[in-house]
Amino acid sequence: MAAGPFETDGFAGASAALLYLGGPVTALDTVQRDTPYGTAFLDDASQLLAMRTLFRKVESVSLDPVKSRDLIHRLAKEL
């Protein structure tokens with residue numbers, strides 16, 4: 001059974017907005033990252049690998065759309 005959203009370990013660096021633009025040629029991928037100091041664009045191969053890995057880790061523990069909706073509705077009822 002998968003862990004719930006509040007039972008999953010944190011992800012270092014996952015607290016900032018991240019937009020990963022990728023395609024069939026990974027060397028052309030770009031990441032837009034919002035930081036406290038402004039927007040940063042990352043396109044270095046090692047940076048892209050780190051962001052791709054982070055994105056995949058977050059994606060692997062994310063709830064699917066139906067479970068996300070159900071969680072939001074349950075939390076809203078508890079408020």
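Visitor: In what order do the elements of the chain run from the N terminus on?
Guide: This is a predicted model, where local features need pLDDT of at least 70, side-chain atom pairs count only at pLDDT 80 or more, and totals for chains, interfaces and linings use all residues. Residues are numbered from 1 along each chain as its sequence is written, and side-chain values use heavy atoms, without hydrogens and water. Helices (H or I, at least four residues) and strands (E, at least two) are DSSP runs, numbered from the N terminus. The chain has two helices and three strands, and the order is β-β-β-α-α.

Visitor: Which strands stand at the edges of the sheet?
Guide: The sheet is open, with antiparallel pairing and the order β1-β2-β3. Strands pair if DSSP finds at least two bridges between them. Each edge strand has a single partner, so one side of it is left without a neighbour in the sheet. The edge strands are β1 (18–21) and β3 (38–42).

Visitor: What is the bridge partner of T35 in β3?
Guide: Strand β2 covers residues 30–35 and runs antiparallel to β3. Five bridges join the two. In β3, the partner of T35 is G38.

Visitor: What angle does the direction of helix α1 make with that of β1?
Guide: Helix α1 (residues 45–61) packs on the sheet, touching β1, β2 and β3 (contact: heavy atoms within 4.5 Å). Axes are lines fitted to C-alpha atoms, for helices over the stretch in contact; angles run from 0 to 180 degrees between N-to-C directions. The angle is about 110°.

Visitor: What share of the 79 residues is buried?
Guide: Buried means under 20% relative accessible area, with a 1.4 Å probe and protein chains only. By that cut-off, the buried share of the chain is 14%.

Terms used:
Buried < 20%, exposed > 50% of the residue type's maximum accessible area, 1.4 Å probe, protein only.
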